[in-house]
Amino acid sequence: MNPLRLLIVGSKGRMGQCIISCAKDDPDVVVAAEIDQGDDLIASLENCNAVIEFSHHNMTEIVAGACVKHKKVLVIGTTGHTDAQVAAIKKAAESTPVVFAPNFSVGVNTLFWLTRKAAEILGPDFDLEVVEMHHHLKKDAPSGTAKRLAEILADVRNLSYNDDVRHGRLGMVGERTKTEIGMHAIRGGDVVGDHTVIFATPGERVELTHKASSRETFARGSIRAAKWAGTQPPGLYDMQDVLKLS
């Protein structure tokens, strides 16, 4: 498996093209095949060791099933999955290594780690808000990264993402409750991805921010994840595992 032979699913998209470009500079990998909408997935799987998928959430379950059948490592960068689709991903991970992450940036995964530590240290007296901004073409909101940040905050506070996250505010909403986690999605221009976690209490405020200026950080992270997953037993992993932050 050296070099690692990659199949890129979603090869015509912005991320797919970036992964293909970055792979050319990495002597440990080669893009053996690339597919997009309408292409033959099964035929393309034959000549690869690992699959990196940045396509559409409705495609992920099909790709995961094929990777199980053909015993291929799978890296999933697609976001916006339904609960049923996430369950299918988890099922696939029982049979093959799967790295499923909302963001493959080393910096963002450091932000995940810092967010958990800050929430633990600052305690329940700080109000929690998450703000994200992306380019005007992004279809889902909030971003997968923002959702993961809110999930981390909810986990530390023993809250529920579904019950305690408030998506924006409009009208006479009343005073902010101590249990709510504010979530705000901004869209415009060509922003690759900005994420800020705000911890606010009377007298002081802490803000943790990550700003991505290039998709290369995500592309290189996904390639790193594929190389790492190739050495692992079947299981569901994320970039915290890849970077040994968990």
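Predicted model: local features only at pLDDT ≥ 70, side-chain atom pairs only at ≥ 80, totals over all residues.

User: Which elements supply at least two residues of the lining of the second largest pocket?

Analyst: These are α4 (83–92), α6 and β11 (235–237). Of these contributions, that of α6 is the largest share, at four residues. The space in this second largest pocket is about 570 Å³, and its lining is made up of nine nonpolar, six polar and seven charged residues.

User: What volume does the largest pocket have?

Analyst: Its volume is about 1100 Å³. The lining of the largest pocket numbers 39 residues, with Arg14, Met15, Phe54, Ser55 and Thr78 closest to the centre. Two or more lining residues come from each of α1, α3 (57–70), α6 (144–157) and β9 (193–201). By class, twelve residues of this lining are nonpolar, 19 are polar and eight are charged.

User: How should I read a nonpolar core?

Analyst: The general idea is that nonpolar side chains tend to be buried together in soluble globular proteins. In this model, the largest nonpolar core contains 31 residues, and Leu6, Ile19, Ile52, Val99, Phe104 and Ile223 have the most contacts inside it. At least two residues of this core come from each of β1 (4–9), α1 (14–23), β3 (50–53), β4 (73–76), α8 (216–229) and α9 (239–242). The element that gives the most is α8, with seven residues. There is also a second, separate core of 21 residues, which includes Leu128, Leu149, Ile152 and Val197.

User: Which residues does Val99 touch, leaving aside those up to four places away in sequence?

Analyst: With those neighbours set aside, Val99 is in contact with Leu74, Val75, Ile76, Phe104, Ala225, Trp228, Ala229, Tyr237, Asp238, Met239 and Val242.

User: Trp228 and Tyr237 are both in that list. How is a pair of aromatic rings described?

Analyst: In general, one gives the distance of the centres and the angle of the planes. The structure has two aromatic pairs. One of them joins Trp228 and Tyr237, with 5.0 Å centre to centre and 90° between the planes. Planes over 60 degrees apart count as edge-to-face, so the Trp228 and Tyr237 pair is given that name.

User: Are Trp228 and Tyr237 buried or exposed?

Analyst: Both Trp228 and Tyr237 are buried.

Methods: Residues numbered from 1 in each chain as written. Heavy atoms only, no water. Core = buried A, V, L, I, M, F, W, Y, C linked by side-chain atoms within 4.5 Å. Buried < 20%, exposed > 50% of the residue type's maximum accessible area, 1.4 Å probe, protein only. Contact = heavy atoms within 4.5 Å. 1 Å grid on protein atoms, 1.4 Å probe; cavity = no way out; pocket = protein on both sides within 12 Å on 5 of 7 lines; lining within 4 Å. Points joined across faces, edges and corners; volume = space filled by probe spheres on them. Nonpolar A, V, L, I, M, F, W, Y, C, P; charged D, E, K, R; others polar. Phe/Tyr/Trp six-rings, centres within 6.5 Å; stacked < 30°, edge-to-face > 60°.
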